[in-house]
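Please look over the structure below before reading on. The briefing that follows covers its pockets, cores and salt bridges.

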Amino acid sequence: MKQGLKLFPLVFLLALFLTAPGRTAETQPETETGLIIQTPESAVKTGEAFSVAVILSGNPGFHSAGFTLSYDKSAMKCTGIEKGSVLEESMDVLNPDGVNGAVVSAMSLRMMSENGVLAEFFFQALKPIDSFPFALTEVTLTDFDGKDLPCTVPSLFTDISGHWAETAVIKAVQKGMFDGFSDGTFRPWEVLTRGEYVAALWKMVGQPAVTGKTPFQDIAEQSQAVRDAARWAYKSGYINGTGSTTFSPDSPLTRQAAVKILFAFYGGKSGEEALLSGFIDNAFADSDKISVWARPAMNWAVYNKLIQGDGTACLNPGAIMTRAQAAVLLNRYLEIYPM
């Protein structure tokens, strides 16, 4: 006992020295909580099996977790999900074929504080795959009080995280309708051209082969995809062009022109919405701005909730469509009319 009393002043003085002004006790640097997607290092062939892992780092300790691994269902099939070491003792719901992708939802009666693999996803390639545009959506990480924990989530592009159209952009890219840019951006706000829109529609249906010529003399300098798409759309009756020999592929696309082309792709025949055209017109402050040639298409799109008015009850039919808006429009179409 006396020995302990003799040591106490020395320990006390040492503690004071280490925490005196100008000297702070060493602390471990905080690590940002984040998720990464580990994909195959090389391309896979049709029929081949491969796996993808979602890995957590900087784990602050959590009670429940949930996320969706979004993937292109036309290119691959998720055949199963296995929990990783982090979720080993958790209760879970795993769905490899959720509406928006493969779903993982888990919770535990104890704090889960390990780093490592949250889940491994197993796939079979339905066609050759040389890139893996996976993304994580609907991510939640909570503590025992139900408080959301901050967590960085990888996105396909550097400029769409938190964007109102992020999910639609991811789906559109995964379905091959749009590509990003070499600098890692998608540029959702950028104006969409007529040529880019028709190419996206052509890619949406699997890039069908087409023969024959068009009267358009202004597509010769366009990409192969735009030239093929223009031939396909013209031969199918989805576009007429802006003149007898022009398509104007580099011109900005208006909202009503985009809807008109999509309506023609749908079949171009009015349905129940024709009975409500008067009510639809009265619902929007700028319905008188809709061109005569676009009116049946716009009524169809409004009735089927493919397009909506803005905060001022305007449809903005003559406004220029952005890349993000086109991604939303085409995804909504596929949700209503799956192919």
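How much space lies in the second largest pocket? The second largest pocket holds about 260 Å³ of space. This is a predicted model, in which local features need pLDDT of at least 70 and side-chain atom pairs count only at pLDDT 80 or more, while totals for chains, interfaces and linings use all residues. Residues are numbered from 1 along each chain as its sequence is written, and side-chain values use heavy atoms, with hydrogens and water left out.

**Pockets**

- A pocket is an open set of points on a 1 Å grid over the protein atoms alone, where a 1.4 Å probe fits, with protein on both sides within 12 Å along at least five of seven lines; lining residues have an atom within 4 Å of a point.
- Grid points are joined across faces, edges and corners, and a volume is the space filled by probe spheres set on the points.
- In the second largest pocket, 14 residues form the lining, and Trp164, Arg255, Gln308, Gln325 and Arg332 are the closest to its centre.
- Helix α8 supplies four residues, the largest share of the lining of the second largest pocket.
- The largest pocket contains about 1000 Å³ of space.
- Its lining has 35 residues, and Asp72, Lys73, Ser74, Gln174 and Lys175 lie nearest the centre.
- The elements α2, α3 and α8 each give two or more residues to the lining of the largest pocket.

**Nonpolar cores**

- A nonpolar core is a set of buried Ala, Val, Leu, Ile, Met, Phe, Trp, Tyr and Cys residues joined through side-chain atoms within 4.5 Å.
- Buried means under 20% relative accessible area, exposed over 50%, and partly exposed in between (1.4 Å probe, protein chains only).
- The largest nonpolar core comprises 60 residues, and Phe178, Tyr197, Leu262 and Leu330 have the most contacts inside it.
- Among the elements that give two or more residues to this core are α2 (166–174), α3 (194–204), α5 (255–266) and α8 (323–336); helices (H or I, at least four residues) and strands (E, at least two) are DSSP runs, numbered from the N terminus.
- Leu262 touches Tyr197, Leu201, Trp300, Leu329, Leu330 and Tyr333, not counting residues up to four places away in sequence; contact means heavy atoms within 4.5 Å.
- A second, separate core has 33 residues, including Phe62, Ile81, Phe132 and Leu141.

**Helix α7**

- Ala297, Met298, Asn299, Trp300, Ala301 and Val302 are the buried residues of α7.
- These buried residues pack against α5, α6 (277–283) and α8.

**Salt bridges**

- The structure holds ten salt bridges, each a side-chain nitrogen of Lys or Arg within 4 Å of a carboxyl oxygen of Asp or Glu.
- Asp228 forms a salt bridge with Arg231, and their closest N and O atoms are 2.4 Å apart.
- Asp228 and Arg231 are separated by about one helical turn because they are three residues apart in helix α4.
- Asp228 counts as buried at 17% relative accessibility, whereas Arg231 counts as partly exposed at 22%.
- Lys83 forms a salt bridge with Asp92, with the closest N and O atoms 3.0 Å apart.
- Lys83 is partly exposed at 28% relative accessibility, and Asp92 is partly exposed with a relative accessible area of 35%.
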